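Here is my note on the model, in numbered points. Please keep the structure open beside you as you read.

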Amino acid sequence: MAERYFQPEIETMPREQLKALQDERLVAQVRHVWENVPYYRKKMEEKGLTPDDIKGTEDLHKLPFLSKADLREAYPYGLMGAPLKDCVRIQSTSGTTGKRVVAFYTQADINLWEDCCARAIVAAGGSNESVCQVSYGYGLFTGGPGLNGGSHKVGCLTIPTSSGNTERQIMFIMDLQATILCCTPSYAAYLGESMKEMGLTPDQIPLKAGIFGAEAWSEEMRQSIQDTLGIKAFDIYGLTELSGPGVAFECSEQTGMHINEDHFIAEVIDPDTGEVLPDGVQGELVFTAITKKAFPLLRYRTRDICVLSHEKCSCGRTHVKMSKPRGRTDDMLIIRGVNVFPSQIETVLLNQGYPANYQIIVDRVRNSDTLEVQVEMTPEMFTDNLGEIAQRQKQLVDGLRSMLGLTAKVTLVAPKSIVRSEGKAVRVIDKRKI
Amino acid sequence: MSIKQISVFVENKAGALLAITSVLAANGIDMRALALSEASDFGIGRMIVSDVYAATTVLKDAGFIHSISPVLAVAIPNVPGGLNEVLKVLSTEGVNVEYMYAFQGKASEDAYMVFKVADDIHAASVLRDHGIRLANEEDLARL
Ligand SMILES: [Zn+2]
């Protein structure tokens with residue numbers, strides 16, 4: 001099937017032309033911020049910069065960074081870039097990792113955000129013939145509103161179930177023959193598990209594609225969701241600070257997410273020195289929004305660790321691809337001096353056939369960090385032979401040791417004893433902080 | 001000649017075993033024997049019940065993971081050295097016992113022992129050849 005695009009002229013724009021567009025938009029955006037956001041203007045002045053110093057994307061590295069700390073300091077209105085009369089909405093983060101972020105939107109900002117989501121839906125095979133169920137939360141969270149808007153733009157029949165009430169979710173999928181599902185990957189896994197328990201096989205499930213984001217998930221988890229639901233699962237990336245989901249999205253190649261570069265310029269930096277890193281080198285992802293007016297963040301440090309690639313993609317899109325974030329600088333746990341990302345633990349678990357539901361418990365006992373991984377026992381794994389189970393447990397300990405370089409305690413717990421989440425899963429309990 | 005034993009995964013936390021026995025009791029299932037075997041942080045509860053089908057159904061509905069395995073219920077003659085005699089037969093015939101636990105008949109004078117062996121068919125015939133009685137499911141229902 002030929003690749004389809006929502007906005008072909010932009011998504012497949014030749015690189016030189018795309019760069020010219022970015023140059024022009026960046027220059028205008030820097031001037032817009034200088035004139036409307038005193039907080040950032042002050043930061044530029046401290047570096048001796050004026051808008052005249054930024055003539056194109058090659059000057060981007062001169063601009064000061066913005067971080068989560070700036071967002072906290074400027075809360076609530078300090079980074080608003082448009083007069084109140086032009087702002088029509090806010091969205092907000094859950095505030096699980098500190099103070100909540102409140103982002104503002106003009107009608108044009110919402111429009112471009114929904115365009116980005118529409119591109120993701122079309123890349124996943126969506127069209128005006130699709131029935132798209134949006135099981136992300138609606139409300140302050142960006143997931144529901146973003147994909148809902150994108151789905152409308154594509155012309156899908158949109159089912160705004162929002163999150164929760166699993167029975168009703170399944171009823172709508174089956175009764176209305178939904179073909180696209182949008183939710184968090186952990187909820188997709190949970191829906192898959194529930195449908196399997198109801199005796200539904202992948203060929204009975206009408207879904208064809210899933211667009212899953214808002215939390216970290218591994219390649220193995222993708223495989224397992226694809227198998228249980230009988231779909232192709234696409235990753236989508238975004239953050240409230242930059243609009244929401246749709247900053248980047250996966251195409252049919254499933255080898256990384258195309259960043260919507262006509263709206264967001266991406267850089268990868270060394271998180272310690274702030275130095276810009278070349279393609280293929282892992283570092284912290286930094287975004288500059290070049291079109292949004294109400295919350296125009298320049299060089300915003302996402303804390304997501306990933307790699308960029310400008311390699312030509314078979315789908316025909318020319319926009320740069322980012323890898324699945326390999327972790328967040330704030331998700332990263334430092335255990336006995338070793339950097340550990342929950343996603344690494346998930347990879348080992350799924351490789352060894354454990355369910356994607358797990359919990360990581362970090363504690364400090366007699367001045368030494370301890371790492372415990374709790375996984376649920378499954379009927380497939382259980383046998384009457386104590387030794388066999390202990391052997392599997394040891395295999396997992398060994399697998400974790402070779403992945404992390406740390407010895408973890410593996411605890412087998414009863415099925416369904418780890419709380420299922422309908423939104424973002426709580427994977428890590430760090431008792432050292434309590 | 002084997003009978004069915006139910007093995008249930010038991011999480012290592014207070015009340016985990018009680019939760020299992022409570023489900024059975026609440027559903028009127030008679031537990032004839034129960035043995036708990038523990039590793040460092042989990043265990044397996046092994047049991048002989050009056051109604052295997054009913055027991056596995058209620059356990060599954062209550063979310064417990066279980067498996068069924070064949071075991072031998074051997075009548076141990078109620079005389080000094082009775083158990084020793086049985087073990088001697090198994091040992092000389094090269095039957096390796098994975099685990100065993102006691103099981104008391106209600107009406108009968110005899111004590112029973114549950115044996116888990118690798119090849120239950122072979123072990124049963126060996127025991128029978130030596131005149132040792134095995135209980136089958138029907139016997140159990142009467143015991
Ligand atoms: Zn592509």
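1. Just after helix α10(A), G353(A) takes a positive phi of about 85°. Helices here are DSSP runs of H or I with at least four residues, and strands are runs of E with at least two, both numbered from the N terminus. This is a predicted model, in which local features need pLDDT of at least 70, side-chain atom pairs count only at pLDDT 80 or more, and totals for chains, interfaces and linings use all residues. Residues are numbered from 1 along each chain as its sequence is written, chains are lettered from A and ligands numbered from 1 in the order in which they are written, and side-chain values use heavy atoms, leaving out hydrogens and water.

2. Now the helix itself. Because 8 of the 10 residues of α10(A) (residues 342-351) are buried, this helix is largely enclosed by the rest of the structure. Buried means under 20% relative accessible area, exposed over 50%, and partly exposed in between (1.4 Å probe, protein chains only). Among the buried ones are P342(A), I345(A), E346(A) and L350(A). The buried residues of α10(A) pack against several elements of chain A, including α9 (219-229), β18 (358-365), β19 (368-376) and α11 (386-404); contact means heavy atoms within 4.5 Å.

3. Which residues hold the zinc ion? Its protein donors are C251(A) (SG), H258(A) (NE2), C313(A) (SG) and C315(A) (SG), lying 2.1 to 2.2 Å from the ion. Donors are N, O and S atoms within 2.8 Å of the metal (3.2 Å for Na, K and Ca), and since water is not among the atoms, sites may look incomplete. The angles among the 4 donor atoms are 101 to 113°, and the site is tetrahedral; four donors count as such if all angles lie between 85 and 135 degrees. Along the chain, the donors follow the spacing C-x6-H-x54-C-x1-C. H258(A) lies in strand β9 (residues 257-259) of chain A and C315(A) in the loop between β13 (308-309) and β14 (321-322) of chain A, so the pair ties together parts that are 57 residues apart in sequence. Both H258(A) and C315(A) are buried.

4. Do look at L298(A), in the loop between β11 (283-289) and β12 (300-306) of chain A. L298(A) is buried, with a relative accessible area of 0%. Leaving aside neighbours within four places in sequence, its contacts include V30(A), Y40(A), L63(A) and F287(A).

5. Two or more lining residues come from each of α8 (185-197) and α9 of chain A and α2 (52-61) of chain B. The largest share, 7 residues, comes from α8(A).

6. Finally, chain B. Its secondary structure comes to 5 helices and 7 strands, running β-α-β-β-α-β-α-β-β-α-β-α from the N terminus on. Of its 143 residues, 48% count as buried.

Technical notes. Four donors count as tetrahedral if all angles lie between 85 and 135 degrees; four count as square planar and six as octahedral if opposite donors are over 155 degrees apart and all others between 65 and 115; anything else is irregular.
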